[in-house]
Amino acid sequence: MSQFDLPIDQLRTYRSTSVEPEDFDAFWAKTLDETRAHPLGARFERVATGLTTVETYDVTFAGFDGQPVKGWFALPAGASEPLPVVVEFLGYGGGRGLPHTHLLWASAGFGHFVMDTRGQGSGWATGDTSDPVGSGPAASGFMTRGIESPDTYYYRRLFTDAVRAVEAARSHPLVDASRTAVTGGSQGGGITLAVAGLVGDLVAVAPDVPFLCDFPRATTLTDRMPYREIGNYLKAHRGRVQLVRDTLAYFDGVHFASRATAPALFSTALEDLTCPPSTVFAAFNAYAEEDKEIEVYDFNDHEGGGSFQQEAQLRWLPARLRRG
């Protein structure tokens, strides 16, 4: 594989053609207000893991429309004072998995809240959260579920769950709510950007090779799943191109990025056919906060920086959490 997207100098100035809906803010304010009418009801139940350096809790909280969402919450063993917290969102097809697979941020001395992903969790990691909402005809996967309207689109529910996950994490007595960061890779990176645009008092944001950005370019540039699910849907539903574009505009990471106020560390890979670098740079270049950085991996595909990016996050994120 070789680099296929714009040259790096053009990537650094590239802007998306995605058109922001006039009622974007009103749509999301109404969505969150409706969900917040339901009690958050966050429950933390200690679980035995066999680990001695972290304490882990099985979490349940009320997400979109009050529907139950699961998660894991980990703390350094013996923590007795409120700590900063890192809230993490997961990649496409995966669920929260097993608690011993989430050790990084608790091992670094922080609270770590991992949100399960509704309806997913049968791909590369197991999940425990159902999505009880149906949809009209859809292509295989999650990208076109309810895509006929922003009100019914799958990611309306998932992004709302993510905002509530931040609220659930902050509700724990050993969390310092004023020092909250969000992170995630691929789909988790796209969710991270949505939360960055919807929650105004975060101290750090770390989207890694983010998905769900610059839909107009992504859906016409790459044939790789999951973006191709949208193309497959439109291949069958030939008359719905504008309808789909109108729906996706409410969920484009570019528009959330333009509302973000927290420092950010992005990453992208120049051979990434799943989340093409121009789509990541579209969100990065739109990101409103001036304190932002992007790690570029020249010869990597969607694995991005992998453990090297984690190393970069371990240098960058703790300083902001401890400063908050």
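Start at Asp5: its side chain and that of Ser278 are joined by a polar contact of 2.7 Å. A polar contact here is a pair of N or O atoms within 3.5 Å; within protein, one must be able to donate a hydrogen and the other to accept it, and residues adjacent in sequence count only if both atoms are side-chain atoms. This is a predicted model, where local features need pLDDT of at least 70, side-chain atom pairs count only at pLDDT 80 or more, and totals for chains, interfaces and linings use all residues. Residues are numbered from 1 along each chain as its sequence is written, and side-chain values use heavy atoms, with hydrogens and water left out.

Asp5 sits in the segment before α1 (8-11).

Next, select residues 154-170 for helix α4 and 187-198 for helix α5. Helices are DSSP runs (H or I, at least four residues), numbered from the N terminus. The two axes come within 9 Å and cross at roughly 65°. Axes are lines fitted to C-alpha atoms over the stretch in contact, with angles from 0 to 180 degrees between N-to-C directions. α4 and α5 are therefore roughly perpendicular (65 to 115 degrees).

Now show side chains. Tyr155, Leu158, Phe159, Ala162, Val163 and Val166 of α4 meet Gln187, Gly190, Ile191, Ala194, Val195 and Leu198 of α5 (contact: heavy atoms within 4.5 Å).

Terms used. Helix = DSSP H or I, 4+ residues; strand = E, 2+ residues; numbered from the N terminus. Parallel < 35°, antiparallel > 145°, perpendicular 65-115°, else oblique.
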